[in-house]
Amino acid sequence: MPLVDRVPSYDTVLNRNPYQPHLARIVRIYRMVEDNYLFTLRFFEDRLATMFRHQPGQFVMLSVPGTGEAPISISSSPTRPGILELCVRRAGRVTKALYRMHTNDVVGIRGPYGNGFPVQEVTGSDLLLAAGGLGMAPLRSLLWYALDNRDKFNRITLMYGSKTPGEMLFREELVSLVDRKDMTCLLTVDRDPTGTWKNYVGLLPKLFDHAEIDPARTYAAVCGPPVVYKFILERLLALGFPKDRILMSLERRMKCGVGKCGHCAVGYKYTCLHGPIFTYWDAINLPEMI
Amino acid sequence: MKIRKLPKDKLDFFASVVQQFGEVHAPVEQDGKYVFKRLSRWSEARLDYPRTILPPKKYFFPPRETLFQFREGEGYLPCTEGLDKRAILFGVHACDIYALNILDQVFSGKYDDPYYQARRKNVAIIGIDCWPDEHCFCRSMRADFVDHGFDLFLGELGDHYLTFVGTALGDDMVLATGPLFQDVSPEDIDEYKRRSSSKRQGFKLDIEIRDLPEIFEMEYRSEIWDELGEKCLSCGSCSMICPTCYCYDVVDDTQLGSREGRRNRSWDSCLFATHALVAGGENFRKSRASRIKYRFYHKQRGFVAEYGRPSCVGCGRCISVCPVKIDITEVINKLRGVQNAPCR
C-alpha cells in the first residue's frame, strides 16, 4: 500500500490545538492603580464562558491581536465563574497594547495553565497569605477561593504591603475585609503621603507582630518582588514553617504555556507546567529560582 | 522485529520504489558539507556522509513556521499549510533518530504539539549505519543504536544492508520491492555483531554520563563556568544545529496598516541575552556564564530529572560549529577532573 493512499492527518491542529486562542471581550477596565488596571473578560462562546474552570494561582496566555501573547495570572476566583479578571501591569509590548484597548474590544485567551495552589492539600489547615506590591494579583484568586469556601479552611490571615495607599492593588476591597471577624486582614504601607491611611504604616514583615500564626498547622502562600521573598521567607523559617508548606508564585516569560518553548525553565522545572506555584523546598533545589 | 537484508547493488532500485511513497529527501553535498534536501535524482544522495549541517529536526520543527493567521472578526485560524506533505528521509543516522525520539517526548505529554506531531506522522524515516569521526560521542550518550523511531533502518553488512523493519509502513516499502529483500542467515548475524564491536573501537571521544547529574550539582559554582562565559560569544550556533534543542520564540507579524497577520514561531536559544528576560526588565540569566551553564545543565542534568536521560545524543555538531571551540566533552571531563581520553 503506497504511502500516498494513507490519509494525511492534521486534524489535531484544527481541533485539539493547545496554542489556539479563544476570543474574549473586554467587559470592564477598572483603573485600579496607575499602570495596574484590572481587566474583566468574558469569552465570546457561552459554552466556554460557563465551562471555563481554573485553580487559584493558575494563569492564562493573553493575546492582543497583532501584538502577541503574554502570560497573565488569573486574579478572579474559580468560585465566581462566568468572567475572568486579570490584573495586568503595563510592562511589556503586549500589555502596553492592551492598555490602548477599550471596553468591548476583543482579545484572545487560552488556558488555564500551571499547577495552581494545592487547594485540596491545604483544605483543613490555616492559611497565611503574604504579598508585597504586585504579588497580590495571583494571591487574590486564592483569597476569594478561601473566603467563598470558608468552612474548608481553619484560620485565614492576609498580610499585604505596598509602598503607598495609592499603589495598593484591590485597596477598597481589601480594606473592607479588615472588619471581617472570620479572617485577619493586615494591610500596611511603607509611607502614607495622604495622611488618611487607617491601617498599618511600616514594612511588610512588621505585620508578623500583629498576626497569630501556628506554623504547625499553616500553609503560607507568598508572592512579591525579590525583596519580599527575602524577608518573608526569613521570618517564616524562623517561625519554624516546614519548607514544603511555604508556597510561592513565580514569574517567567512563557511563550507557549504548555512546557515546550523552554523560556520559563528554572533548573529542570518549567514554570508553566510544574509551577508557577513552587514550594520553598523546590526553590532551594532549583538554581536561579528567586 | 522483522529483519531482512538488501543487496547494496540493488539500493538504486529500492530507492526508485520508495519514491512512490512520497518525495525522497537525503543527504546531499553542498560546499564541502552535507544537508538533507529533496533529491532531484538518486545519484545526488551521499549516504556515507559524516553529519549534516542541520539535523532532520528541521522537517518536523522547522526554523520558522506559521501557527495561526489572524483576521479581525475571525480570530486566530490554525495554519495547516504543508503539514500533509508526504516525504521520506533517506539515510538518517542513529543519533539523529534518537534525537527525534527525544523530541517526540518533549512535543507530547500533557499537551501535544499538533504541528510537530502531524509532520511526524507524514514523514517517513529510513535510517542508515555510520562510522564515528573525530567529533562523534554518541556511544557515550547511548545513542549509537536505536530500536525505534524509524520505518526502516539499514545496518552495515559488507555488500548488504541488514534491514530492520520498524513500522507497518516500512514493511509496505519492503514488500513493494517484490523479492528484492532476502532472508538473514546466522553468518550474517555473526558478521553484523563483529562489525558492531569494531565500531565501538572506532570512537575517539568518550565521556562517562552515569553520575553526571550529581557532578553538575556539585560543580554548580565551579570556576569552569566563568571561564566558559569569558569564551562563549552567545552566538547560539550550538542551539541552532542541535538535534534536540527545541526552545522557540513566538512573534506576531502584522503588515503595517492592516488588521491581519500571522503568529509565527521560530527557533530560539537559551544563550541569547533575552531568553530569561521578563516584562519589567528582570533577567534571570544576565551573564553569558550563567547562560552557557544553563544550556549544559538543562541537557545533561535537567533532562535526566524530567525524562530519565540526558537530551544530548553525542552527534558532535556543536563541537564542529562552535566558533571559539567550546567542546562539550572537554567541559564534562573537566568537571569530572579527568583528561579527554579515547574510548576504552
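**Starting at a helix end**

Helices here are DSSP runs of H or I with at least four residues, strands are E runs of at least two, and both are numbered from the N terminus. You're looking at a predicted model, where local features need pLDDT of at least 70, side-chain atom pairs count only at pLDDT 80 or more, and totals for chains, interfaces and linings use all residues. Residues are numbered from 1 along each chain as its sequence is written, while chains are lettered from A and ligands numbered from 1 in the order written.

Now step back and pick residues 226-239 of chain A, helix α7. Color A:Val228, A:Tyr229, A:Ile232, A:Leu233 and A:Leu236, the helix's buried residues (20 or more other C-beta atoms within 10 Å of their own, with C-beta atoms placed from the backbone; exposed is 12 or fewer, partly exposed in between). Look down the axis of α7(A): the buried residues fall within an arc of 110 degrees, so they line one face (the arc is taken from the directions from the helix axis to the C-beta atoms). On the other side, find A:Val227, A:Lys230, A:Glu234 and A:Ala238, which are exposed.

Next, show what covers the buried residues of α7(A), including β7 (126-132) and α8 (280-285) of chain A. Contact means C-beta atoms, placed from the backbone, within 7 Å.

Last stop: color domain 1 (12-113) and domain 2 (119-249) of chain A, with bounds from an automatic or database domain assignment. Here 16 residues of domain 1 of chain A are in contact with 16 of domain 2 of chain A.

Methods:
The expected span of a helix is 1.5 Å times one less than its number of residues. Two residues are in contact if their C-beta atoms, placed from the backbone, lie within 7 Å.
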